[in-house]
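Good morning. Please have a look at it first.

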Amino acid sequence: MGSSGAERAAERLLLAALCSVCQALQDGMLFPTESPSREVKDVSGLWIFRADESPERSRGFEQQWYKSPLAETGPVIDMPVPSSYNDITQDAQIRDFIGWVWYEKDVWVPARWIQDRGTRIVLRVGSAHYYSVLWVNGVKVTEHVGGHLPFEADISGVLRQTSGNQCRITIAVNNTLTLETLPPGTIQYMTDRSRYPAGYFVQNTNFDFFNYAGIHRPVLLYTTPKAHIDDITVETTFSDNIGLVSFNVSVLGSSKAAVKVTLSAQDGRCVASADGSRGVLKVTDVNLWWPYLMHENPAYLYSMEVQATAEDGQTDVYTLPVGIRTVKVTSTQFLINNKPFYFHGVNKHEDADIRGKGFDWPLVVKDFNLMKWMGANSFRTSHYPYAEEILQMADRHGIVIIDECPGVGIKDIRSFGNVSLAHHLTVMEELVRRDKNHPSVVMWSVANEPASEMPPAGFYFKELVSHTRSLDSSRPVTYITASNYARDLGAPYVDVICVNSYFSWYQDPGHTELIGLQLNTQFDNWYGKYQKPIIQSEYGADAVPGLHSDPPMMFTEEYQKTVLQNYHNVFDQKRKEFVIGELIWNFADFMTSQSIIRVVGNKKGIFTRQRQPKAGAFLLRERYWRIANETGNTLFKL
């Protein structure tokens, strides 16, 4: 960074990486778990950190910081992993830093892992934003383009080439966003020397959340046998009281591995088993996976154990939770297990004080407790894939998920080109590969509020939706439109239309009396043209906690509550027809870049950033529990 030549070099590097990962994905991405044949070592914690503050942000590569301990290259600081680095220090330059940062940690690898050449050692990064290069003991082992999704490398050979069992992990991470990344962005150099110093630049984006950066999810070392289970694909259905679980197991390192699959109930009973890498398990008296508040016994999970035995007798074991359920869409309904499901839930962000987007178990558990307290049965992973541990929680608690890729802020016509599309297709492959077996995931979202009125968008989204369906035919596909008119070039290709609108906020601010008319018009226009079910995927208003006025005025808790009530009146009419869901924007206040319309972040949360309720939270709690009692099979109590 810092000069046009450096910018072009960075773009070439990103472009080369994009092209390299746009090839067909062959390997699986099973979540690391321990078993009789596998061990997991979490190497998260305190790492050392250095931002490359050179004008062109390239000094780390020029001086090869990965070849020696990072502290020998210059000053370093402590940095927790996982976390965003932005809010950890008191340095405003670090908070807003754009470019390469470097992480390093020395870890000890168990000697038996290295000595046993039948053991495969894998290094996995849960996610890092945005472009990452990874070295072990000074040897490059992999690179990855894109935040929010995991990447890993087999480091067995590297470790066995060096003496001892110490492992120095170095990760360089670059948060620069270009027109070809997801989300996209541009680097703008300021050339007016009367106002800006030489080399001054800013990162421009078209999304309303802070561009947090760093290593956001756990870093793990794990082992498998050399002949190992690489991937498992599960699809489920049922008829009457018979459940069917179709499975496909991929084994690498052995061409003739014997595969055995066993499905067990929660009490440990074996309910079905089969031999072979492909097959169907038949479950009598099946317990279906039901969403929260839709059944008295929600979120039932079976346990599927897969054993793969190689020719030398070595066996790999992997256990996968399985929820048996079906998802279908009609012109007016969303069906889970052949019964109408109405989304009454939230949009979220991975965002909290100090840690930014860093994964944090106390925060995850608190958020699920709050969602269940308010009677929410669903959420959308706006605007990127969330941590795998969050999806596992949703599986266990019956919270339904619309799983969204990072396709937010696609506003420039240049972001609809072939390079962008190839990367977008690859991101969807990575997302589906990671999340395809989660029963909580009922729909894929390929983008949020793109400029889909632009001529290239029709072909772009036709290809994107078609490719996503080819990856997983068991779930519907959507993307989120911000248009108030039924003219979206991508709408004909999706299965469910999701609409974001902010009447009386961004349009006609202060005039809540217009919401009813405008919202009814929105719904009727969309359904009249496409005859597809509609989710109100975003609506809401900013509310500064503790700010009050009567009559209600914008930014007060009373105004947020009034906006919600006016939307709810229309929802109650239209959900009798073709509206299948409502997702409030947002679950909690979250950080944004600094601007004149944001006072230390977006305040549209019904909870504060510290997870304390505003008046809107109690309104939604009363509403969601009432809807649950109207649509569920039993009486639920607050």
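At what angle do helix H6 and helix H7 pack, and how far apart are their axes? Before I answer, note that this is a predicted model. Two packed helices are described by the angle between their axes and by the distance between those axes. For H6, residues 361-374, and H7, residues 388-397, the angle is about 35° and the axes are 11 Å apart. The crossing of H6 past H7 is right-handed.

Which residues make this contact? On the H6 side there are Trp361, Val364, Val365, Phe368 and Lys372, and they meet Glu389, Ile390, Met393, Ala394 and His397 of H7. Sorted by class, this contact holds seven nonpolar residues, one polar residue and two charged residues.

Now the second pair. Helix H11 covers residues 557-574 and helix H12 covers residues 615-631; they pack at an angle of about 20°, with axes 8 Å apart. Angles under 35 degrees count as roughly parallel, so H11 is roughly parallel to H12. Here, too, the crossing is right-handed as H11 passes H12.

From H11, the residues in contact are Glu557, Gln560, Lys561, Leu564, Gln565, His568, Phe571 and Asp572, and in H12 they meet Ala615, Gly616, Leu619, Leu620, Arg623 and Arg626. The contact of H11 with H12 splits into five nonpolar, four polar and five charged residues.

Next, empty space. Rolling a probe the size of a water molecule over the atoms shows where such space is left.

What is the volume of the largest pocket? About 760 Å³. Its lining has 26 residues, and the closest to the pocket centre are Asp96, Phe97, Ile98, Phe201 and Val202. Two elements give two or more residues to this lining: helix H3, at 92-95, and strand E12, at 201-205. E12 supplies the largest share, four residues. By class, the pocket lining has 11 nonpolar, 11 polar and four charged residues.

The largest cavity holds about 180 Å³ of space. It has 20 lining residues, and those nearest its centre are Glu350, Leu363, Val364, Asp367 and Ile390.

Which helix gives the most to that lining? H6 does, with five residues. You have met Val364 and Ile390 already: they are among the residues where H6 meets H7, and they are also among those nearest the cavity centre. The cavity lining divides into nine nonpolar, three polar and eight charged residues.

Where is the peptide bond cis with omega near -5°? It is the bond from serine 382 to histidine 383. Histidine 383 sits in the loop between strand E26, residues 378-380, and H7.

Another cis peptide bond runs from aspartate 550 to proline 551, with omega near 5°. Proline 551 is in the loop that lies between strand E31, residues 534-538, and H11.

Isoleucine 354 belongs to the loop between strand E25, residues 343-347, and H6.

That is where I will stop.

How values were computed: Residues numbered from 1 in each chain as written. Predicted model: local features only at pLDDT ≥ 70, side-chain atom pairs only at ≥ 80, totals over all residues. Heavy atoms only, no water. Axes fitted to C-alpha atoms, helices over the stretch in contact; angles between N-to-C directions. Left-handed = near helix turned anticlockwise from the far one by under 90°. Contact = heavy atoms within 4.5 Å. Nonpolar A, V, L, I, M, F, W, Y, C, P; charged D, E, K, R; others polar. Parallel < 35°, antiparallel > 145°, perpendicular 65-115°, else oblique. 1 Å grid on protein atoms, 1.4 Å probe; cavity = no way out; pocket = protein on both sides within 12 Å on 5 of 7 lines; lining within 4 Å. Points joined across faces, edges and corners; volume = space filled by probe spheres on them.
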